[in-house]
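Welcome! Here is a short briefing to read alongside the structure, taking ring contacts and then a pocket.

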Amino acid sequence: MKNISQSTLGILATASVLIGAGAHAAERQSELAGVVNAIAVPLMAKNNIPGMAIAVTVGGKRYTYNYGVASKASGQKVTDATLFEIGSVSKTFTATLAGYAQASGDLSFTDSPAKYLPELAASRLAGATMLDLGTYTAGGLPLQFPDDVTDHKAMVGYYKSWKPAYAPGTYRVYSNPSIGLFGYAAAKAMGWPFDDLMQQKLFLALGLSHTFITVPKADDENYAYGYSKAGKAIRVSPGVLDSEAYGVKMSASDMLRFVEANMDGSNLDKTTQSALAATHTGYYKVGSMTQGLGWEMYNYPTTLDQLLAGNSADMTLKANEIEKLSPPRPPANNMLLNKTGSTNGFGAYVAFVPSKSIGIVLFANKNYPNSERVKAAYKILATLDDDLPAANAD
């Protein structure tokens, strides 16, 4: 599969890989390039985004469009090798690792986290399951750790003294400490440090060569700088369970490979296939959104309004009562799966539809509103599939 790159800001892309074949395919290809440019340029200007990578997969063909700079100080341009912080999109990798652990027989999602962290045996978390942690329903763990939780000892102490606001499995409260502990416990179950498992097992199994938890010195030149609202160059700061919740840095091209593996992993080993499938299982609904592991899913075709609601501040910052799916809904191709992610200096959005073999990645070195990302992606997807009328994305 050939990568076609467009790196000139404001110039229409000239990708040479066709969507299908013939004159109609050429027209669609030109339309895609025009749509991406028409969206990217004003989006970057409106949100003061220094650099951006937009990657699209259509029927197994990949297209990448690179804009602006990875560093304002050096003027280094965004390329296919540029590494972006993907924030909470990292949770989809954490979920995949946990799925790998379950497929390998190292854990069960019905286990208590105390099975892997015995120090939690007397805590209220002992009454929750690994699945509760992975789907943000353990009882109301907060979005972030308190400021005084700065190391492993403080983390354990926090979990031991934490008091739930809700019964496990009843309310969704989006939480880094929740899915962070999910990933940490999964790594304990597998007997390796989380970072090592990600780098040496999962990323390798998925064929991701430009994806890292800790960017090695050899690749540091490709690591973009993020930019704060004030325009200051920043990168993510270390934090407790940061690797598990928001720690991945990667290229848009690698993320596109991950998207394609999620849509069709038939070329992967059976354990990795099972791990990916586990993340697509639906466990409960909040409005139109079905919660998987990491991924958040919608019946397809979905409307822009549904996607905006599912990626709104209310979903991130408020407790939402869930509609539990019993039994859980098996993976289904005719769904749109998506995830947003942010650090202080970066903003990411990923969406794909397995039944249509289409997917999109938006990486930027600026944290800008989720609504802007969703609208931009929806417009591009509407160019690829007539089931999503472009008018709905205005």
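**Charges over rings**

In this predicted model, Arg235 lies over the face of Tyr223, at 3.9 Å from the centre of the ring.

- Arg373 has its charged end over the ring of Tyr368, and here the distance to the ring centre is 5.0 Å.

**Pairs of aromatic rings**

- A search through the whole structure turns up twelve aromatic pairs.
- One of them joins Phe84 and Phe346: the ring centres are 6.3 Å apart and the planes stand at 90°, so this pair is edge-to-face. Planes over 60 degrees apart count as edge-to-face.
- Where do the two rings sit along the chain? Phe84 belongs to strand β4 (residues 84–85) and Phe346 to strand β16 (residues 346–353), so the pair ties together parts that are 262 residues apart in sequence.
- Phe84 and Phe346 are both buried.
- Phe93 and Phe203 also form an edge-to-face aromatic pair, with 5.7 Å from centre to centre and 90° between the planes.
- This second example connects helices: Phe93 lies in helix α2 (residues 90–103) and Phe203 in helix α6 (residues 194–205), so parts that are 110 residues apart in sequence are tied together by the pair.
- The cut-off for buried is under 20% relative accessible area.
- Phe93 and Phe203 also belong to a cluster, in which ring pairs link them with Phe258, Trp295 and Phe352.

**The largest pocket**

- How much space lies in the largest pocket? The volume is about 880 Å³.
- The largest pocket is lined by 35 residues, and those closest to its centre are Gln144, Asn176, Tyr246, Ser342 and Thr343.
- Two elements, α11 (313–317) and β15 (335–343), are the ones that give two or more residues to this lining.
- Which element gives the largest share of the lining? That is β15, with five residues.
- By type, the lining residues of the largest pocket divide into 17 polar, twelve nonpolar and six charged.

Definitions and conventions. Residues numbered from 1 in each chain as written. Predicted model: local features only at pLDDT ≥ 70, side-chain atom pairs only at ≥ 80, totals over all residues. Heavy atoms only, no water. Phe/Tyr/Trp six-rings, centres within 6.5 Å; stacked < 30°, edge-to-face > 60°. Helix = DSSP H or I, 4+ residues; strand = E, 2+ residues; numbered from the N terminus. Buried < 20%, exposed > 50% of the residue type's maximum accessible area, 1.4 Å probe, protein only. Lys NZ or Arg CZ within 6 Å of the ring centre and 35° of its normal. 1 Å grid on protein atoms, 1.4 Å probe; cavity = no way out; pocket = protein on both sides within 12 Å on 5 of 7 lines; lining within 4 Å. Points joined across faces, edges and corners; volume = space filled by probe spheres on them. Nonpolar A, V, L, I, M, F, W, Y, C, P; charged D, E, K, R; others polar.
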